[in-house]
Amino acid sequence: MSIDNQPAVKRRGALLLLFFTLLLYAACSVFAKLSGNAMEAGNLTGSLVFLALEFLMLVVYSLLWQVVLKHLPLNVAYASKGLCTLWTCLFGILLFQEALTLGKALGTLLVLGGVYLVVTDPAAEEA
């Protein structure tokens, strides 16, 4: 690999870590919902287990987020948090049979468009 290609490879690696970190963060909402469902069903033990898993995932997320911020500009990293909207919507549809409404679909597309514009902005690489 040439030396000229290394910054692009490092940026791609940092972006992959960012997207994985945000997927992990969005997955926390699944455990929160499962905890609430267990509590509603009167299953205190199940609720506490899901809360503990959510807490553990948040700890891992916070550590990974610090690594992401070390390698990417804050404006790129924070704007990308909008991807959590997509993941949360998909989790709701796939795991909890929630409906995908036109408003949810359009809102998610709008957020993804904004994330794309920020992440692909050449000025963001210089920051």
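## Contacts along the chain

Among contacts in the protein chain (heavy atoms within 4.5 Å) between residues at least 6 apart in sequence, 74% join residues at least 24 apart. This is a predicted model, in which local features need pLDDT of at least 70 and side-chain atom pairs count only at pLDDT 80 or more, while totals for chains, interfaces and linings use all residues. Residues are numbered from 1 along each chain as its sequence is written, and side-chain values use heavy atoms, with hydrogens and water left out.

## Overall build

What does the secondary structure of the protein chain come to? There are 6 helices and 0 strands, where helices (H or I, at least four residues) and strands (E, at least two) are DSSP runs numbered from the N terminus. Read along the sequence, the pattern is α-α-α-α-α-α. The radius of gyration of the protein chain is 17 Å, well over the 14 Å that the globule rule gives for 127 residues, so the chain is more spread out than a compact globule. That radius is taken over C-alpha atoms, and the globule rule is 2.2 Å times the number of residues to the power 0.38. Along its principal axes, the C-alpha trace spans about 60 × 35 × 25 Å.

Of the 127 residues in the protein chain, 30% are buried. Here buried means under 20% relative accessible area, exposed means over 50%, and partly exposed is in between (1.4 Å probe, protein chains only). The protein chain exposes about 8100 Å², and carbon and sulfur atoms supply 71% of it. These areas come from the Shrake-Rupley method with a 1.4 Å probe, and for residues only the protein chains shown count as cover.

Helix α1 covers residues 6-40, and Thr21 lies in it. Is Thr21 buried or exposed? At 0% relative accessibility, Thr21 counts as buried. Leaving aside neighbours within four places in sequence, Thr21 is in contact with Tyr61, Leu64, Trp65 and Val68.

Ser35 also has its place in helix α1. Its relative accessibility is 4%, so Ser35 counts as buried too. With neighbours within four places in sequence again set aside, the contacts of Ser35 are Ser47, Phe50 and Leu51.

## The cysteines

How many disulfides does the structure hold? The number is 0, a disulfide being a pair of cysteine sulfur atoms within 2.5 Å. Cys28 is in no disulfide, and the nearest cysteine sulfur, that of Cys84, is 9.2 Å away. Cys89 is in no disulfide either, and its nearest cysteine sulfur, also that of Cys84, is 13 Å away.

Cys28 is buried, with a relative accessible area of 3%. Cys89, at 17% relative accessibility, counts as buried as well.

## Helix α4 and its two ends

In the loop between α3 (74-79) and α4 you will find Gly82. Gly82 is buried, with a relative accessible area of 15%. Leaving aside neighbours within four places in sequence, Gly82 is in contact with Val111 and Val115. Gly82 and Leu109 are 27 residues apart in sequence, and their C-alpha atoms are 10 Å apart in space.

Helix α4 itself has 14 residues and reaches 19 Å from its first C-alpha to its last, close to the 20 Å expected at 1.5 Å a residue. The expected span of a helix is 1.5 Å times one less than its number of residues. The buried residues of α4 are Leu83, Cys84, Cys89, Phe91, Gly92 and Phe96.

Just after α4, Gln97 takes a positive phi of about 50 degrees, although Gln97 is not a glycine. Most residues other than glycine have a negative phi. Gln97 sits in the loop between α4 (83-96) and α5, and at 64% relative accessibility it counts as exposed.

## The two sides of helix α5

Helix α5 (residues 102-119) has 18 residues that should span 26 Å at 1.5 Å a residue, and its end C-alpha atoms are 26 Å apart, which agrees. Which residues of α5 are buried? They are Thr108, Val115 and Val119. Seen down the axis of α5, these buried residues fall within an arc of 30 degrees, so they line one face of the helix. The arc is that of the directions from the helix axis to the C-beta atoms.

The face of α5 turned away from its buried side carries the exposed residues Leu102, Gly103, Leu106, Leu109, Leu110 and Leu117.
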